[in-house]
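Hi,

Here is the structure I promised to send over.

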Amino acid sequence: MKKILFFIPFLVFVALGVVFYQQLGKDTEYMPSALVGKNVPEFKLVNMESDTVVSNGDMPNEPYLLNFWATWCPSCSAEHAYLGELAEQGVNIVGVDYKDETPAAKKWLAERGNPYSLVLLDEMGRFGVDMGITGAPETFVVSAEGKILYRHQGVVDAEVWENLLKEHMQ
């Protein structure tokens with residue numbers, strides 16, 4: 001019996017090794033979302049440009065990226081230039097300024113350029129909670145009908161666009 005107890009740690013180690021091996025090659029940035037396949041939750045947020053209230057019915061009538069970002073987020077700064085490239089290529093991107101100060105966000109966009117067709121303010125983070133985000137940046141692909149097609153947590157760059165997001169924009 002003592003010999004069997006001696007092998008238990010080894011068996012646990014082997015079992016963990018098998019589990020970790022199965023995870024190799026998987027998209028480590030992918031975070032499943034209960035909202036994929038469902039409509040964007042109902043919201044009313046302020047448009048940064050016009051100070052008017054925007055709701056679901058005011059969103060683009062074409063597929064778009066819904067990008068949660070903030071001035072305090074270093075990763076958002078890293079992805080910003082590439083979002084500008086995507087916007088120049090005709091990709092419609094709606095930005096959600098998440099848990100941020102509006103004057104700082106306006107200054108940030110004025111200095112770095114604004115890749116967004118629309119910027120919504122989520123100062124308290126309630127819409128982010130409704131969308132299930134864990135932080136910024138997070139980007140959702142949304143259909144013309146307002147259905148969430150894909151969720152990406154982390155920086156959007158050329159590799160992420162080509163391998164993960166682009167195919168969902170069709």
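The salt-bridge count comes to three, taking a salt bridge as a side-chain nitrogen of Lys or Arg within 4 Å of a carboxyl oxygen of Asp or Glu. Before the details, some caveats: this is a predicted model, in which local features need pLDDT of at least 70 and side-chain atom pairs count only at pLDDT 80 or more, while totals for chains, interfaces and linings use all residues. Residues are numbered from 1 along each chain as its sequence is written, and side-chain values use heavy atoms, with hydrogens and water left out.

One of the salt bridges joins the side chains of Arg151 and Glu138, at 2.9 Å from N to O. That pair links distant parts of the chain, with Arg151 in strand S7 (residues 148-153) and Glu138 in strand S6 (residues 138-142), 13 residues apart. Helices (H or I, at least four residues) and strands (E, at least two) are DSSP runs, numbered from the N terminus. For accessibility, buried means under 20% relative accessible area, exposed over 50%, and partly exposed in between (1.4 Å probe, protein chains only). Arg151 has 4% relative accessibility, so it counts as buried, and Glu138 is buried too, at 0%.

Lys166 and Glu162 make another salt bridge, with their closest N and O atoms 3.6 Å apart. Here Lys166 is partly exposed at 34% relative accessible area, and Glu162 counts as partly exposed at 44%.

Then there is Glu111 with Lys107, whose side chains meet in a salt bridge at 3.8 Å, N to O. Both lie in helix H3, four residues apart, or about one turn of the helix. An α-helix has 3.6 residues a turn, so residues three or four places apart point the same way. Glu111 and Lys107 are both exposed.

So what about the rest of that helix? In H3 (residues 102-112), the residues Thr102, Ala105, Trp108 and Leu109 are buried. They sit on the same side of H3 because they cover an arc of only 120 degrees around the axis, judged by the directions from the helix axis to the C-beta atoms. What covers them includes strand S3 (64-69), helix H2 (74-88), strand S4 (93-98) and strand S5 (118-122), where contact means heavy atoms within 4.5 Å. The face turned away from the buried side carries the exposed Pro103, Lys107, Ala110 and Glu111. Just after H3, Gly113 takes a positive phi of about 100 degrees.

Cheers
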